[in-house]
Structure formats: C-alpha cells, structure tokens
Amino acid sequence: MKNNISKKKKNKEHKKKKESSNMKEEKVYKLLRYEELPEYMKENEFILAHYRAEWPLKHAARSLFSWHNETLNVWTHLLGFLLFLGLTLVHLRDIPQVSHLLDPFSWYIPSNTIENSSYNPGKLFNAETKASLASSSSSSSSSSSSSSGSQSTRWPFFIFLSGSMFCLLSSSACHLFSCHSHGLNLLLIRVDYAGIAVMIVASFFPPIYYIFQCDTHWQLLYLSSITALGLLAVVNLLSPHLSTPKFRSYRALLFSAMAFSGIIPAVHAVVVNWSEPRRNITLAYELAMALFYVTGTVFYVTRVPERWNPGAFDLAGHSHQIFHLFVIAGALAHYAAALVFLEWRDSIGCDHQGKSSSIITATMIS
Ligand SMILES: [Zn+2]
C-alpha cells in the first residue's frame, strides 16, 4: 500500500517536472517586450512588444505562420517576391529556349500578351543586337527591327526582374531570421541593404538600355556609372558600423541619391524623345514609381504612425510594413514602364532614335 502511494507520488513529481521543463522551454521562446531585448535588437522604440529574440532557426522558420511584430514584414516582401517570380516565368515562357523547360507548369503560366510568338530566339542574350540595329540605322536603310520583325534583346529586362526578386527575398529572409543571433542579424541586415542597392541598379537597366540602344556611348556611360555607384553603395553598406540603427537616415540618403541619379538620363531621354507619343506614358509610370519610393522612404525614416501611438501598431500598420508596400508598388510601376520601353524599342528599332538623336546633336552643334 505504502509502495503504491510512494509510486503515485513519484509519478506526480515526474509529471510536475516535465510540465515545468516544458514551461521553461516555452518561456525561452515567448514574445518579448522592447525593454527585454538584447541591445542589438533595439531598433524601433515605438514598437513596444511581440518581439522574437535569440530564437533557434527552426523556431524562427516556423514563426512564418504565427503572429509577431515581423510577420507582416516577412509576408509583404515574400508575396512580392512570388509576384515577381510569376512575372519572370510569364516572360521566360515567351523565349523558345526556355519555354519547353516550363512546359510542366504551362497550365498556370499564361502566355505574355505583349510579346508574340514571332520572338526571335537569337536575340535573348545577344549583346550584338544593338550593334546590328545601330548599323541598320546608320546605313539609312529602312530595315529597322520593326520592319524585319525581330525584337530587342531581353536580358536588361530580366536583370530588373532578377534584381527585384533578390531584394524582396533577401528582405523577407532578413525579417524572418534576424531574430536568431547577433551574428546572423548583422549579416542579414547587410544583405538586405545590399539587396536594395542591387534592385536600384537593376531598375536602371531596362529604361537606359532600350532608350539609348542606338546611342551606345550614352548607354555604356549611364549603365557603368550606376553600376559603379551601386558597387560603392554595397561596399559602404556591408560595413558593420553603417548598418546600425543610428545610420538609418544616412542609408535612406544613399539609396535616394542612387535612385535620383536617374534624373540625369531621364531628362536626357525626354529631350531625345520629345516627340515620342509614348513618352508621357513612361513618364507617368516612372513618376508614380518615384512617388511610391519617396513616400515609402518618408515612412521608413520618420517611423510614422507608431511614433504617434507607441504600441498600437506593433503587429499591423507600422512604418516598416507601409514602406514594404510602397517598395512593391514602386517596383510594379517600374515594371509597367519597362514593358512600354521594351515594346517601343521592338516596334521602332533604331531608325526613330537615330534620327531624333542626330536632330538633337545637330541642334546642339548649330
Ligand atoms: Zn524591410
């Protein structure tokens, strides 16, 4: 009898120990308040709670499907990445060399309406396209790319799509896993900033490539300048010192300077294509893009609305989530503009550009 009682007691104690160890485990991975965070995670004092800190990678990965103050930051850019992946697949499907690889997925990838089946496979990554188009315009023959039925090379367009995907995915991974440790936090934050620089540089490729396709010296000058500026920014942003919260405004300034250096080729392009009817459409899209990015950056820097009511926007509606949405909107506006540039260059080849450029050059000389 006594033995039975002591066995029951032992069982009860064993159960209690197990429960308390489970509770300890839960306690380690519960969501924290701002003041409980390790110093390196204290980034936004207006978000008061729902933080994950020092979580194992497995738990951080699982937190993709639970509520904390980074859930919407992860999902906004993860969905943005999937959207751009879908757009990339749609455009890849129009390239004969690649389309057969996508056949198993063809039931859900619609064919691109802008590019048609007369796509010339030789022009995909063919840098010589511009040379042949340039020579066709200089020889004053009427054989522009439109009349020959060929299309401009697509790689600048895919550079933009790839840059956007890299930025959105690295941002998403950063928001999901940077709660793991100080080391990973530093690494992912720097990759995230590098991703923004890559996206900005990549965004320059379609407009500059297609606008100046027949003015190769301008094309080379603008594309190499922005690439050099981007590399400089990446080297700068990879320094641990500059990725600290203290330098938030500096980073915003650096990204804005990169983006706004596009004003120079943009003004040049508008002057060269003053009479081009599609000028206003692309300008409207690019202005919308600039407006989206600027508005997003204002939210990023000012940390509005959470500074007006700390704690009220911890889970949803804080500045970083709004910034993410504006980034996606800006990228989509630029995507729409890139499609117009591509279609325009496909339709006119180099004749129009060559003529207008030479008119401008002649006017400038005289
Ligand atoms: Zn972010």
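**Helix packing and the nonpolar core**

Helix α7 passes α8 in a left-handed crossing, meaning that the near helix is turned anticlockwise from the far one by less than a right angle. The model is a predicted one, in which local features need pLDDT of at least 70 and side-chain atom pairs count only at pLDDT 80 or more, while totals for chains, interfaces and linings use all residues. Residues are numbered from 1 along each chain as its sequence is written.

The axes of α7 and α8 (lines fitted to C-alpha atoms over the stretch in contact, with angles from 0 to 180 degrees between N-to-C directions) come within 7 Å and cross at roughly 160 degrees. That makes α7 roughly antiparallel to α8, a label for angles over 145 degrees.

Stepping back to the whole chain, there are 14 helices and zero strands; helices here are DSSP runs (H or I) of at least four residues and strands (E) of at least two, numbered from the N terminus.

The largest nonpolar core has 62 residues, and Ala 197, Ile 200 and Phe 341 have the most contacts inside it. Such a core is a set of buried Ala, Val, Leu, Ile, Met, Phe, Trp, Tyr and Cys residues joined through C-beta atoms within 7 Å, where buried means that 20 or more other C-beta atoms lie within 10 Å of a residue's own, with C-beta atoms placed from the backbone. The largest share of this core, 18 residues, comes from α8. Buried residues make up 37% of the 366 residues in the chain.

Conventions:
Buried ≥ 20, exposed ≤ 12 C-beta atoms within 10 Å, placed from the backbone. Parallel < 35°, antiparallel > 145°, perpendicular 65-115°, else oblique.
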